[in-house]
Amino acid sequence: MNHRLLLLSAGTLLTAAVVAAILISGLIPLDFAVSDKHGDSQIDMRVQARQTESGRVEVRAQSSAGSGEWITHTPEARFLPAEPQPGSWYSSNSFAVSAPAAAPDSSDEARYTQSFVEQAIDYYEHHGREATIEYYSTPGSAEGQWYMFIIDEADVIIAHQNPDLIGAHADDVNGPDGYPAGRMVVASATEDGAWVDYQFSNLASGEDEIKHSWVVRHDGLIFGSGWYEQAPSKVHAPGAFTQSYVARALELYRVLGREATLEYYSTPESADGQWYMFIHTTEGTRVAHAHRANRPGWLGSNVGVGGVDVTGYNYGQDMLTIEDRGWVAYVFVNPADQDQYQRKHSWIVTHDGLQFGSGWYDRHYDLAGEDPAGYSKLLVQQAIDLYDAEGRQAALDYYSSLESVDGEWYVIIIHPDGTRLAHPFLPLGENILDSGPDITGYDFRPDIVAVEDRDWVSYVFENPDTGEQNQKHTWIVRHDGLLFAAGWYEEIE
């Protein structure tokens, strides 16, 4: 890799002056030139000579870096052709001198990586295939985090610092979470070279990090190397990690295409703890989800219609309004925390007719304090989820126990005829319709039983956490022939 040199060392100038002086001394015709034009990696040089009135010979070297302006450098040596004219300068034709640029410093990771791969290809050209494979499979060929990997015509790794990977097919070489790093490398490599990013184990640190690899196809082989970058901290920068996680999905889509991306991100293996991808079209059709792809009816459903959280917020509609990228926060189950409903902050990127999203959960968000109505809806939804997952009796048993109580919060389950089936404080089997009105005279129980789908009913009731009569707002949902309800209290004004 050569670059134009603006400054020359004294030794280089002197050598050039000697060469040029020879050219004008008669040993070589004066009109001879090494090159009649320069390129980006060259400078023009010439030597001039003259004889003074006193007979003294003067000689000077000049250089031009393509600007048209000649810079004079005067060496100590003196040369002159035969029979010079006093007072006249004698000049050679300009000639181009190429000088290799210094190898890039490792602080410039991208250029250093490209140079490292170029050196390996030069080694291959000079020493052959067998010697190259042998050398780049030894620790001595590595320079810090930089090492070469070479893949043959059958996409099999034939040189690598990790001996466990030698002989492995690229399709079987994955990063963490099964990310198809080997396939990414093979699909990206070109004769001109290309960059590809993926997460992979850093042999120098032993950590899984983001790797930026430069991969070149040459003589049927793939030569590659790269540098590592630590991903943002999951603990201290969950938002930045989320953005990095989505960027990883976009890179896979760029390299391997839509089908491979949707297939990979519809597997639980692709998840990284609480982080997982969900993908839908810009019209809202769900096409990939790491944890719900196998749930009947999920893929193909519309996030704009079904994307409503337990608080009633239609987050799906807000996602679909994002034209480029943005955040949407809502309440959703955290599969990494026993499917607990928590506040989720999702990063959405719109690209090529799809929306790519992932998010992090705020486990310390106090939904009950910030949004008591939303928390009431959440408790009811959790009860329905338990009912669907473990059956009727398990739900009735749990919500009839004090274990299910959280301060003033609890769930009750009622038969449509009014029979109390689950309650942590009141007798089971009684019919709530047999009880009278609240202290204000409002007979609220018939209104609870009358709920056909979902609705709020507000009345005055004893707060079990304080023992006082408070205003209670109860959310009721009819599900599978039963009424599930939970509510929150506030002081009577």
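This is a predicted model: local features need pLDDT of at least 70, side-chain atom pairs count only at pLDDT 80 or more; totals for chains, interfaces and linings use all residues.
Me: What percentage of the accessible surface of the chain belongs to carbon and sulfur atoms?
Reply: The accessible surface of the chain comes to about 24000 Å². The share of that area belonging to carbon and sulfur atoms is 48%.

Me: What percentage of the contacts with a separation of 6 or more is accounted for by residues 24 or more positions apart?
Reply: The contacts considered here are those in the chain with a separation of 6 or more. Within that set, residues 24 or more positions apart account for 50%.

Me: How far apart should the ends of helix H5 be at 1.5 Å a residue, and what is the distance between its end C-alpha atoms?
Reply: Helix H5 covers residues 238–256, which makes 19 residues. The expected span is 1.5 Å times one less than the number of residues. For H5 this gives 27 Å, and the distance between the end C-alpha atoms agrees with it, at 27 Å.

Me: Why is H5 described as largely enclosed by the rest of the structure?
Reply: A residue counts as buried under 20% relative accessible area. H5 is largely enclosed because, of its 19 residues, the number buried is 14.

Me: Which residue follows H5, and what is its phi?
Reply: The residue after H5 is a glycine with a positive phi. It is glycine 257, with phi near 95°.

Me: Is arginine 258 buried, partly exposed or exposed?
Reply: Arginine 258 belongs to helix H6, residues 258–264. Leaving aside neighbours within four places in sequence, its contacts are Tyr253, Thr281, Val287 and Leu354. Its relative accessibility is 39%, so arginine 258 counts as partly exposed.

Me: Where is glutamine 230 found, and is it buried or exposed?
Reply: Glutamine 230 is in the loop between strand E10 (221–229) and H5. Its C-alpha atom is separated by 6.1 Å from that of isoleucine 210, 20 residues away along the chain. With a relative accessibility of 61%, glutamine 230 counts as exposed.

Me: How many aromatic pairs does the structure hold, and why is the pair of tryptophan 327 and tryptophan 347 classed as it is?
Reply: The structure holds 26 aromatic pairs. In this one the ring centres are 5.1 Å apart and the planes are at 50°. Tryptophan 327 lies in strand E13 (residues 325–334) and tryptophan 347 in strand E14 (residues 340–351), so the pair links distant parts of the chain. Planes under 30 degrees apart count as stacked and over 60 as edge-to-face, so at 50° the pair is tilted.

Me: What kind of aromatic pair do phenylalanine 444 and phenylalanine 461 form?
Reply: The ring centres are 6.3 Å apart, with 90° between the planes. Both residues belong to one aromatic cluster, together with Tyr442 and Tyr459. The pair of phenylalanine 444 and phenylalanine 461 is edge-to-face.

Me: How many bridges join strand E18 to strand E19, and how many join E19 to strand E20?
Reply: E18 and E19 run antiparallel and form a hairpin with 6 residues between them. E19 and E20 also form a hairpin, with 2 residues between them. The number of bridges is 9 for E18 and E19, and for E19 and E20 it is 9.

Conventions
Residues are numbered from 1 along each chain as its sequence is written. Side-chain values use heavy atoms; hydrogens and water are left out. Helices (H or I, at least four residues) and strands (E, at least two) are DSSP runs, numbered from the N terminus. Buried means under 20% relative accessible area, exposed over 50%, partly exposed in between (1.4 Å probe, protein chains only). Rings of Phe, Tyr and Trp (its six-membered ring) pair if their centres lie within 6.5 Å; planes under 30 degrees apart count as stacked, over 60 as edge-to-face and the rest as tilted. Two strands pair if DSSP finds at least two bridges between them. Contact means heavy atoms within 4.5 Å. Accessible areas come from the Shrake-Rupley method with a 1.4 Å probe; for residues, only the protein chains shown count as cover.
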